[in-house]
Amino acid sequence: MLTSFENVLNKHAPLKTLSKRQERSKSKPWLTKGLLRSIETKNKLYTNLHNKSVQDDHKWAEFLKYRNKLNRLIEKSKVNCYMQQIAGSNDNSSLMWKTIKNILNKGHKKQVHQQDLQNKDDTLTKSSKESADKINTYFSVVGKTLASKIPQPTIISPSCQCNLNNSFLQHTCSSEIEHVIKNLNSKKTIPLDHVPIKSIKMSSSIISIYFCDIFNNCISFGVYLDILKTAQIAPFHETGSYERCSNYRGISLLPPINKVFEKLLYDKLCSYVEHNILLADCQYGFRRGLSTELAINDLQNFLAQNSDKGLVTCSVFLDLAKAFDTVNHDILLHKLDIQYGINGLRLSLLKNYLENRSHYVVINDSRSEKAKFTCGVPQGSTLGPLLFLLYVNKLPLVSNFKTILFADDTVLSLSAN
């Protein structure tokens with residue numbers, strides 16, 4: 001069914017490559033149609049003047065006057081554009097910070113491209129295909145390698161198992177799926193050769209009926225379709241040299257149809273977790289109504305209260321390396337079963353979601369071979385962050401520290417005389 005849908009779409013609405021002008025207009029919204037026409041006029045004037053054998057000082061002066069006036073208009077339009085974005089994001093801190101990063105030219109981390117580098121163990125190579133294979137191999141083993149250095153606990157089943165009403169994963173209906181589809185973000189990046197989110201939203205009233213049958217069968221049999229588990233990894237530079245694979249972080253670009261199924265699972269699992277108050281109060285990451293501001297307020301209140309008592313507080317700030325990539329599937333599934341009461345077909349579905357995952361990397365249109373994903377939860381997925389929160393949820397119980405969590409960022413504080 002999924003293949004048929006793609007074939008029909010490719011036949012009647014094939015993807016088109018944007019022109020340079022369209023790409024520039026999309027990446028720089030302050031460039032209006034009038035400004036783009038003026039830029040083309042400026043470029044033509046420059047070309048004509050540059051190709052003349054005899055220099056005309058008067059015309060060059062006119063060109064420079066036109067160019068400088070155009071640059072001032074572009075700068076003014078850019079300022080107005082950002083001012084409107086800032087004014088429209090007063091009640092949205094996430095959108096505000098995105099706008100500020102764009103102004104500071106920090107909105108997009110640099111993706112890896114072909115480079116002429118020495119072929120060492122952890123460096124990219126001259127060939128795009130070789131670089132794609134090398135960085136893909138790195139992403140496939142880095143989590144497993146780091147996880148192997150972590151002392152593995154002995155998993156002991158407690159005498160009393162969590163016994164909650166775990167009927168959270170009920171069958172869905174076409175109207176619920178259509179609602180999920182209509183709320184998808186059409187601007188999100190998707191893997192190459194996949195149905196655009198906009199096309200899925202336009203046909204939601206029709207395809208939601210068929211998606212309903214597919215997803216309900218997955219729920220009934222406790223399986224997750226393998227076709228939805230192949231991700232394109234987008235490597236983004238984080239720190240250090242651009243030459244080394246270890247300085248890149250991989251973000252999973254999953255099929256848009258997978259986003260629909262994952263969002264259904266996420267909503268049902270999140271509702272179950274919140275209804276049964278399973279997450280620690282000190283966990284502020286990836287949760288509705290919670291934010292970094294509230295986490296900071298929690299720490300400030302703790303420091304102030306102990307300061308009023310005459311106590312000295314010492315805090316340790318932890319940032320776990322490759323935290324999402326090192327999640328042990330066996331431990332996670334054990335926690336879901338024993339600690340959170342998720343078992344039977346529901347556990348089978350989540351187990352199948354984690355198993356048999358693969359990924360590939362694209363650099364300069366060169367695609368790497370597929371590699372298996374055997375450890376961790378996929379970054380860039382909808383369900384992955386919630387599974388990670390459940391994985392680290394008991395951390396505050398294993399010490400006497402005041403613990404504050406924001407996903408994998410942790411603050412441990414202790415007060416004394």
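In this predicted model, three strands form an open sheet in the order β3-β8-β7, and their pairing is antiparallel. The edges of the sheet are taken by β3 (312-319) and β7 (402-406), each of which has a single partner strand, so one side of each is left without a neighbour in the sheet. The pairing of β7 with strand β8 (residues 409-416) runs in the antiparallel sense over 5 bridges, and I404 stands opposite V411 in β8. As background, strands of a sheet pair through backbone hydrogen bonds, in either a parallel or an antiparallel manner.

Helix α4 (residues 57-87) and helix α5 (residues 93-103) have axes that come within 9 Å and cross at roughly 160°. Because angles over 145 degrees count as roughly antiparallel, α4 and α5 are roughly antiparallel to each other. The crossing in which α4 passes α5 is left-handed, and the residues that make the contact are listed by helix below.

| Helix | Residues making the contact |
|---|---|
| α4 | Y82, Q85 and I86 |
| α5 | M96, T99, N102 and I103 |

Technical notes. Residues numbered from 1 in each chain as written. Predicted model: local features only at pLDDT ≥ 70, side-chain atom pairs only at ≥ 80, totals over all residues. Heavy atoms only, no water. Axes fitted to C-alpha atoms, helices over the stretch in contact; angles between N-to-C directions. Helix = DSSP H or I, 4+ residues; strand = E, 2+ residues; numbered from the N terminus. Parallel < 35°, antiparallel > 145°, perpendicular 65-115°, else oblique. Left-handed = near helix turned anticlockwise from the far one by under 90°. Contact = heavy atoms within 4.5 Å. Pairing = 2+ DSSP bridges.
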